[in-house]
Amino acid sequence: MKFTLSWLKDHLDTDEPVEKLADKLTMIGLEVEHLEDKAKLLAPFTIARVVSAEQHPNADRLRVCMVDTGDGGAPVQVVCGAPNARAGLVSVFSPPGTYIPAKKITLSVGTIRGVESRGMLCSEAELEISENHDGIMELPADAPIGKPYAEWAGLGDPLFEINLTPNRQDCTGVHGIARDLAAADMGKLKEPAIKPIKGEFPCPVKVTVEDEKLCPGFALRLVRGVKNGASPKWLQQRLASIGLRPINALVDITNFMTFDRARPLHVFDAKKVTGNLVVRRARDGETLLALDGRTYTLDSGICVIADDHGVESLAGIMGGEASGCDEATTDVLIESALWNEINIAQTGRKLGINSDARYRFERGVDPAFMVPGLELATKLVLELCGGTPSDNVVVGNPFGDERVIDFPLTEVKRLAGIDVPLTEMRRILGHLGFMLAGSGPVVKIAVPSWRSDVHGKADIVEEVVRMVGVDKVPETPFERGDAPRKPVLTPIQIRTRRARRALATRGMVEAVTWSFISKPAAELFGGGKAELAVANPIAADLSDMRPSLMPGLIATAQANADRGIGDSAIFEVGQIFKGDRPEDQFVAASGVRRGVASSAGLGRHWTGSQTASAFDAKADALAVLAAAGAPMAALQIVPGGPSWLHPGRSGTIQMGPQNVLGTFGEIHPRTLEALRADGPLVGFEVILDRIPAAKQRPTRAKPVLELSAFQPVSRDFAFIVDRAVKAGDIVRAAQGVDKKLITNVTVFDVYEGKGIEDGKKSIAIAVTMQPREKTMTDEEIDAVAAKITAEVAKKTGGVLRG
């Protein structure tokens, strides 16, 4: 929302400095994002006259100008490349040391092709006044030489730009902003009464509303004999100051009302309207050529204003070209209506229209200002264009629902910790338009029609506190007491944190991707159900809730590859959706690796650095499960996985067939092709919700296990086994020999090929033994190794590789 200081002063009698007004706006919740004071910015730029303009001796397109700057001194030499630089031209001069806004440089004395230049003659684009950069500015011949340009041009009107929260529809107009500042003691609100304008004849156009839910209220008036032309200078300056292009008086009045009073209106050329008006749902297939020059195809979910000829306007969003006002308009229909906020938002999103009217109507406008807004617009039309007005036609409820809140006077102290006297509370709420009746302990507060965001006691407290000042809210420490603090994190929150740390420790980088994906991508990963489709997607490729984190991670990895970063290791922890019930929503931890971004450097591997493989994805998944507290000894790893993984290079981690905790492996080439991603790519996905909670058994406290003072012993074993034997079977067999002594068993090599007979493979494991009572002798180590060899042979048929 943009407005100038002079526009604000139309509604607020204030002498407060601009900076103080900006600070106060931010403090009361209307955050000032930008404050532009062109008078300050352009203060060094002065009006000057070119005395002479000679050809540059060393450049065909440059001229050496002698410039009279009006300071009483000798003319200044300036090298200029503008084609319109000539003797006698009055323009804008900037001396050395001046900051040039558009170029973002500070001017200095320079030498251009061997000729010294002590300043610059400026274009409008360089001063950011317009986009015209074809030549230097040409001012009237009688412009005062030496006077500051900004002062002469009337640019000393600071421009505010505030960031409105969606609930403050009343501040989408300058009048509402002035009301808030008046309540904050920044001035006095100017609020002259809007007098009804008496109609000279009945309005010949009738209005019918077919669905009151879409249009709760509608007001219309005909004005005959208007003379439409250019707006007066004050109105053009108002609109131009906030970036709007003046069009003609009738259209400019509606734009002014939109920004001045947050009351969007529409004007129809009455002679282009056939018969009466009807507010209805569009019929499937109807079209409208709108004022933006685009033709829109409509459906029954869209509310329109139509006449006997067809659709003339998209209700509350944009008018139609056919009934628009132009210079030839003599009779005008002025429309002021109320529209259903949800329908306006859905229509605007569906058709891709972002208009100033839509911005306000989808937030909700003041219902009680529907008719006064029509009266004020009529007054402006009569003043600027002349004409004779008809009676008003009003359909529906022009006042809205009344809201009265029972408010305990102690509520401000209870919620905000501030003591606000009743007199001050009355002043604040009264300036904001609230009516307070009673003296306590509970008073009744009537909410004004323009504050659709206020519904309860906490909202009233917020209004009082933001005017008193949120900086007045005292810092209050929580009472901790003597009792130990109870845990505040849920088990899934703890698992989420640990999963993130575990994956970051493994060299992966966290990503945050969209919770919405395209329907084809969702179907690839088991989703795409109708109940998971987004009702109003913001884009066609964000139409469905994601059934997996993998599509977003694969797209991110491909985006990195497209920008030259082929080796990547990224992960995400977030929600996935298997159905529309709460129990069908899970928290997953997923990751992908590409190129040489493997986890080999994090542990032992005989090849050192290598291309990421399914085993890296497996290690990532197991690291997440271990960190999240899964019972690692009870996990089973079986070959294969979902259809989006390669069938021969993937696995499933489970605790029995009924509880699948996750999957890992190489992404199927067909999946990558469908997602337009390059392979190979490996990944994993673990469902953190499916990890069983640790069993809580009442036990006596055990002493903390101290680190052993004795050196651990590691031994490697390579077993020849049948190709069908799983590495996990060998690991479990080795671990079962002595669970207290053997602390770790890992697979570091699987080999098939030369030296190994057909149908066989070699699996190498590293076994770590940690003595607790004394250092192990060679004989004791050999005895344990023999037991491991025997147990593996018994369970898998494996024999030591020679």
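Author: Take A306 and look across to β22: the bridge partner of A306 there is V311. This is a predicted model. A306 belongs to strand β21, residues 303-306. V311 belongs to strand β22, residues 311-314. Three bridges join β21 to β22, and the two strands run antiparallel. Strands of a sheet pair through backbone hydrogen bonds, either parallel or antiparallel.

Now widen the view. Five strands form an open sheet, in the order β15-β18-β21-β22-β23. The pairing in this sheet is mixed. β15 (207-209) and β23 stand at the edges. Each has a single partner strand, so one side of each is left without a neighbour in the sheet.

Follow the chain on from β23. β23 covers residues 318-319, and the loop between β23 and β24 holds C325. Is C325 buried or exposed? C325 has a relative accessible area of 12%, under the 20% cut-off, so C325 counts as buried. Which residues does C325 touch, leaving aside those up to four places away in sequence? They are N228, N248, L250, V267, F268, D269 and V332. A178 is another matter: C325 and A178 are 147 residues apart in sequence, and their C-alpha atoms are 32 Å apart in space.

Next comes β24, residues 332-338, which is among the elements covering the buried residues of helix α10. The cover also includes β16 (217-224), α7 (249-261), β25 (388-389) and β26 (393-396). Which residues of α10 are buried? They are M370, G373, L374, E375, L376, A377, T378, L380, V381 and C385. An α-helix has 3.6 residues a turn, so residues three or four places apart point the same way.

Helix α10 has 16 residues, 370-385. At 1.5 Å a residue, α10 should span 22 Å. The end C-alpha atoms of α10 are 22 Å apart, which agrees. Just after α10, G386 takes a positive phi of about 75 degrees.

Finish with a pair of helices. Helix α12 (residues 422-431) packs against helix α13 (residues 457-468) at an angle of about 100 degrees, with their axes 10 Å apart. That makes α12 roughly perpendicular to α13. From α12, the residues in contact are M425, I428 and L429. In α13 they meet I460, E463, V464, M467 and V468. The residues of this contact divide into seven nonpolar, no polar and one charged.

Methods: Residues numbered from 1 in each chain as written. Predicted model: local features only at pLDDT ≥ 70, side-chain atom pairs only at ≥ 80, totals over all residues. Heavy atoms only, no water. Helix = DSSP H or I, 4+ residues; strand = E, 2+ residues; numbered from the N terminus. Expected span 1.5 Å × (residues − 1). Buried < 20%, exposed > 50% of the residue type's maximum accessible area, 1.4 Å probe, protein only. Contact = heavy atoms within 4.5 Å. Axes fitted to C-alpha atoms, helices over the stretch in contact; angles between N-to-C directions. Parallel < 35°, antiparallel > 145°, perpendicular 65-115°, else oblique. Nonpolar A, V, L, I, M, F, W, Y, C, P; charged D, E, K, R; others polar. Pairing = 2+ DSSP bridges.
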